[in-house]
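Biologist: I am new to reading structures. Please take me through this one, step by step.

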Amino acid sequence: MEDERKLAESFDGARIELTDQCLLYMEELDRRATRRPVLTKIAGLDRLLHGLRQGELTTIAARPGVGKSAFCLQIAESASAQGKKVLFFALEMTMYELLDRLVIRKTSISPSKLHNGSASFDEQEAQEFSAILDGDLKKFTDLVRIETNVSNIDLFKGIIKQVEPDLVIVDQLSCIRPTQNFHHIRER
């Protein structure tokens, strides 16, 4: 054990002895070097955060109705464009509402036309919709799995383990509840 704590290299001729915590930290730095962060594609934010890294928790908080869900969707879209597998837990929106937002951002189709369905599209909108289905929307749905109605922490963890995503986005973390066993422990 003592030999493992000594650093083989010397710094300015001095040998240093490392604690277990220092060794673990050095191993973590080596792991980080092999993982590519997920960039948000928002230059200022990426400069500050250096992207989103595996194993880190990034919290987005703001008043209701200021665009947190839209921001999370933009991050998911950016990650999928980088070839990253994303697991998006949309706990207050349906999958269709999220996809509507993508279509609205990428086309000239109005929200009311989407609400009324494809029969209301004019020829140009139908072409735009067809193009986005074959392009951006297909790429997005190939790499972004949207889960709704997940409220149990065990189910949440099980889906993450099954999917093995590069990025997990939870839109409205407060909607996830602990398991039943947790409630029994707390009541004692």
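Modeller: Start with burial. Buried means under 20% relative accessible area, exposed over 50%, and partly exposed in between, with a 1.4 Å probe and protein chains only. This is a predicted model: local features need pLDDT of at least 70, side-chain atom pairs count only at pLDDT 80 or more, and totals for chains, interfaces and linings use all residues. Residues are numbered from 1 along each chain as its sequence is written, and side-chain values use heavy atoms, with hydrogens and water left out.

Biologist: What share of the protein chain counts as buried?

Modeller: The share is 28% of the 188 residues.

Biologist: How many helices and strands are there?

Modeller: Helices (H or I, at least four residues) and strands (E, at least two) are DSSP runs, numbered from the N terminus. The protein chain has nine helices and three strands. Their order along the sequence is α-α-α-β-α-α-α-α-β-α-β-α.

Biologist: Is Ser78 buried or exposed?

Modeller: Ser78 counts as buried, because its relative accessibility is 7%. Ser78 sits in helix α3, residues 68–81.

Biologist: Which residues is Ser78 in contact with, leaving aside neighbours within four places in sequence?

Modeller: Contact means heavy atoms within 4.5 Å. By that rule, Ser78 is in contact with Leu39, Thr40 and Lys41, once its neighbours within four places in sequence are left aside.

Biologist: Where is Leu173 found?

Modeller: Leu173 is in the loop between β3 (167–171) and α9 (180–187). Leu173 counts as exposed, because its relative accessibility is 54%. Now compare sequence with space. Leu173 and Leu91 are 82 residues apart in sequence, yet their C-alpha atoms are 7.9 Å apart.
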